[in-house]
Every structure is written in structure tokens, then in C-alpha cells.
Amino acid sequence: MMPPPPDERLDDMELRLTFLDDAVSSLGDSEAMQSQRLLQLENALTELRRELASLRTSLADDVQSEPPPPHY
């Protein structure tokens, strides 16, 4: 079995390089979108934590300012 001619090997390598470049570009785009989505989720979580802390504070204030039940 004879090895393929150098020109054929070069063409094959160029074709593979083209596919690899496309794959790397796609992965880079995907990583950028994932990073952006992660940042959005982190911001949403921070906001939810603020809201939860605010609700806890307001609920604690409501309980303390509430008069005791009539049976006391």
C-alpha cells in the first residue's frame, strides 16, 4: 500500500483544519452565550436574595408590632 501523494495529504490536512477552525469558533460562541446566561442567573439570584431578606425583615417587624391575641 502506497502512501497518498503529498498534495492529497496537504488537501486533507487543510480540510481538517477548516473543520477544526469552525468547531473552535462554534465552541467560543457557545462559551460566550453560556457566560452571559450565567451572569444573568447570578444577577437574578442576587435580586431574589435581596427580596427574601426584605420580606424576612418586614415579616419580623409585623410580628413584633402585632398586639397579643385576646386570650392573653
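User: What makes the stretch holding Asp11 a helix?

Analyst: Asp11 is found in helix H1, residues 6–65. Helices are DSSP runs (H or I) of at least four residues, numbered from the N terminus. This is a predicted model, where local features need pLDDT of at least 70, side-chain atom pairs count only at pLDDT 80 or more, and totals for chains, interfaces and linings use all residues. Residues are numbered from 1 along each chain as its sequence is written, and side-chain values use heavy atoms, with hydrogens and water left out.

User: What makes Arg16 and Asp12 a salt bridge?

Analyst: A salt bridge needs a side-chain nitrogen of Lys or Arg within 4 Å of a carboxyl oxygen of Asp or Glu. For Arg16 and Asp12 the closest N and O atoms are 3.2 Å apart. The two residues are separated by about one helical turn, because they are 4 residues apart in helix H1.

User: How do you know that Arg16 is exposed?

Analyst: Its relative accessibility is 55%, so Arg16 counts as exposed. Asp12, at 35%, is partly exposed.

User: Which other residues meet in a salt bridge, and why does that pair qualify?

Analyst: Arg50 and Glu47 do, with 3.1 Å from N to O. Being 3 residues apart in helix H1, they too are separated by about one helical turn. Arg50 is exposed at 53%, while Glu47 is partly exposed at 35%.

Technical notes
Buried < 20%, exposed > 50% of the residue type's maximum accessible area, 1.4 Å probe, protein only.
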